[in-house]
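Reader: I would like to go through this model with you, one question at a time, with the cut-offs stated as we go.

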Amino acid sequence: MYAIFENGSKQYKVCEGDLLKVEKLNANVGDTVTFPVILTADGKGIKTGDEVKNVKVTCEVVSHGKDKKIIVFKYKAKKNERKKQGHRQPYTQIKVTAIGAPAKKAATKKPEATAKAE
């Protein structure tokens, strides 16, 4: 089974147990984050739209970091204009722990006080 979810205007295809880098999230290492699903697919078929509106991808934050440096070089011929910049995009590495509807919290009933016969 795999799912496609959206984060930071990018879409990611994931299976359970996958490690991936997404745009930096405001979460601590070890926290659990959930993302809404756009599409799911398994042996039974593909589901989208209203069929997956309650489905979530649950992930655990593994680490934070910065990607490899890219060089941005601007140049204008015959003008002696050159500008060199570097950029390192921050990211959050996450591990997919579960794909599916969030677990419903079981309603716990408090034991009712028994009426004493007087």
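Reader: Leaving aside its neighbours within four places in sequence, which residues is Asn7 in contact with?

Author: This is a predicted model, in which local features need pLDDT of at least 70 and side-chain atom pairs count only at pLDDT 80 or more, while totals for chains, interfaces and linings use all residues. Residues are numbered from 1 along each chain as its sequence is written, and side-chain values use heavy atoms, with hydrogens and water left out. Asn7 has its place in strand 1, residues 2-7, where strands (E, at least two residues) and helices (H or I, at least four) are DSSP runs numbered from the N terminus. With contact taken as heavy atoms within 4.5 Å, and neighbours within four places set aside, the partners of Asn7 are Tyr12, Val22, Glu23, Leu25 and Phe35.

Reader: Is Asn7 buried or exposed?

Author: Buried means under 20% relative accessible area, exposed over 50%, and partly exposed in between, with a 1.4 Å probe and protein chains only. Asn7 has a relative accessible area of 14%, so this residue is buried.

Reader: How many helices and strands does the secondary structure of the chain come to?

Author: From the N terminus on, the elements run β-β-β-β-β-β-β-β-β. The count for the chain is therefore zero helices and nine strands.

Reader: Which residues have the most contacts inside the largest nonpolar core?

Author: A nonpolar core is a set of buried Ala, Val, Leu, Ile, Met, Phe, Trp, Tyr and Cys residues joined through side-chain atoms within 4.5 Å. The largest one here has 19 residues, and those with the most contacts inside it are Phe5, Val14, Leu20, Val57 and Ile94. The elements that give two or more residues to this core are strand 1, strand 2 (10-14), strand 3 (19-23), strand 4 (32-42), strand 6 (56-66) and strand 9 (90-100). Not counting residues up to four places away in sequence, Ile94 touches, among others, Cys59, Leu20 and Phe5.

Reader: How many disulfides does a search of the whole structure find?

Author: A disulfide is a covalent bond between the sulfur atoms of two cysteines, and the criterion here is a pair of cysteine sulfur atoms within 2.5 Å. Cys15 counts as partly exposed because its relative accessibility is 31%, whereas Cys59, at 0%, counts as buried. The number found in the whole structure is zero.
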